[in-house]
Amino acid sequence: MTKRIVVALGGNAILTDDPSARGQQEALRQTAKHLIDLIKQGHQLIISHGNGPQVGNLLLQQIAADSEKNPAMPLDTCVAMTQGSIGYWLQQEMQRVIREADIDKSVVSLVTQVLVDAQDPAFENLTKPVGPFLSAEEAKVASAETGDTYVEDAGRGYRKVVASPKPVDIVEANAIKTLVDQDVITISAGGGGVPVISTDNGYEGVEAVIDKDFASAKLAELVGADYLLILTGVDNVYVNFNQPNQEKLEDVTVEQMKAWIAENQFAPGSMLPKVEAAIEFVENTPDAQAVITSLENVEAYFNGGSATVIRNV
């Protein structure tokens, strides 16, 4: 039976040790090969992806070339630019594997705006580091010049921090759903989407970074997905991870996952947001399931294998 699946790709699906365009295209070629089996089975795919390293590299390039005649682009524009480039690469590689499999399907990538609330507390509590590392003195000067906030990051220096608000809506959700209804493989909400707020004159980009798993959960909710497939570096989520009594999670409920969150079982900034996004999707889409596993395990899971599956009951 055909299922509608939102596939949230992790960073390792795009970037390996080679940050060049060719290197990232090769990584996405391997990613596409892992996803082709789902297409062969007749499922409808909506693909989202991260862009952390790519937008970070672009910010560095923008800052290095910044001048009066060639001013650096703001963060929301850099998110849109990397959405476009990664979407273009992935679109090409998906088209390649589809053609090789002799399947007649179209693939399209969309620059996607994600609506956030201008009153979200995240705009008062800046937590997401972006851009280059600076010395304490450089950070002080930069802050005085721009009004931006800088904090020490990982003992390596000071970095600018921006808000990480929760997604409220996806501006292009109806367009995405229309494409998927026509069985078009759609790449959207890359990098968590371009963060925008609603104004009297339409939408306006803001200096923020949206967690890509939460954006993917919102996307899956709005398009009526049967599965939210969050891909990471491991086949399963674990409790008591790396301890003698570690336990692999397979078929679990929302309530069980909430209890483990209360025990601080999942690392913030790593597995925790994936688990929280999965819970949010399942709670908002009661008959659906969220799956957390690795890209390499996708085919095995949909052929009866194991992964971490989160359900309502």
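Analyst: On a 1 Å grid over the protein atoms alone, a pocket is an open set of points with protein on both sides within 12 Å along at least five of seven lines, and its lining residues have an atom within 4 Å of a point. This is a predicted model, where local features need pLDDT of at least 70 and side-chain atom pairs count only at pLDDT 80 or more, while totals for chains, interfaces and linings use all residues. Residues are numbered from 1 along each chain as its sequence is written, and side-chain values use heavy atoms, with hydrogens and water left out.

User: Which residues lie nearest the centre of the largest pocket?

Analyst: They are K128, V209, I210, D211 and K212, out of 36 lining residues. Helices (H or I, at least four residues) and strands (E, at least two) are DSSP runs, numbered from the N terminus. Here α2 (52–65) gives the most to the lining, five residues.

User: Where does the largest pocket lie?

Analyst: Domain bounds come from an automatic or database domain assignment. Domain 1 (4–117 + 168–311) and domain 2 (127–162) both give residues to the lining, so the largest pocket lies between them.

User: What about the second largest pocket: which residues are closest to its centre?

Analyst: I63, A72, D148, Y150 and K160, from a lining of 20 residues. The largest share, four residues, comes from β5. Domain 1 and domain 2 both contribute to this lining too, so the second largest pocket also lies between them.

Technical notes: On a 1 Å grid over the protein atoms alone, a cavity is a set of points where a 1.4 Å probe fits but cannot get out, and a pocket is an open set with protein on both sides within 12 Å along at least five of seven lines; lining residues have an atom within 4 Å of a point.
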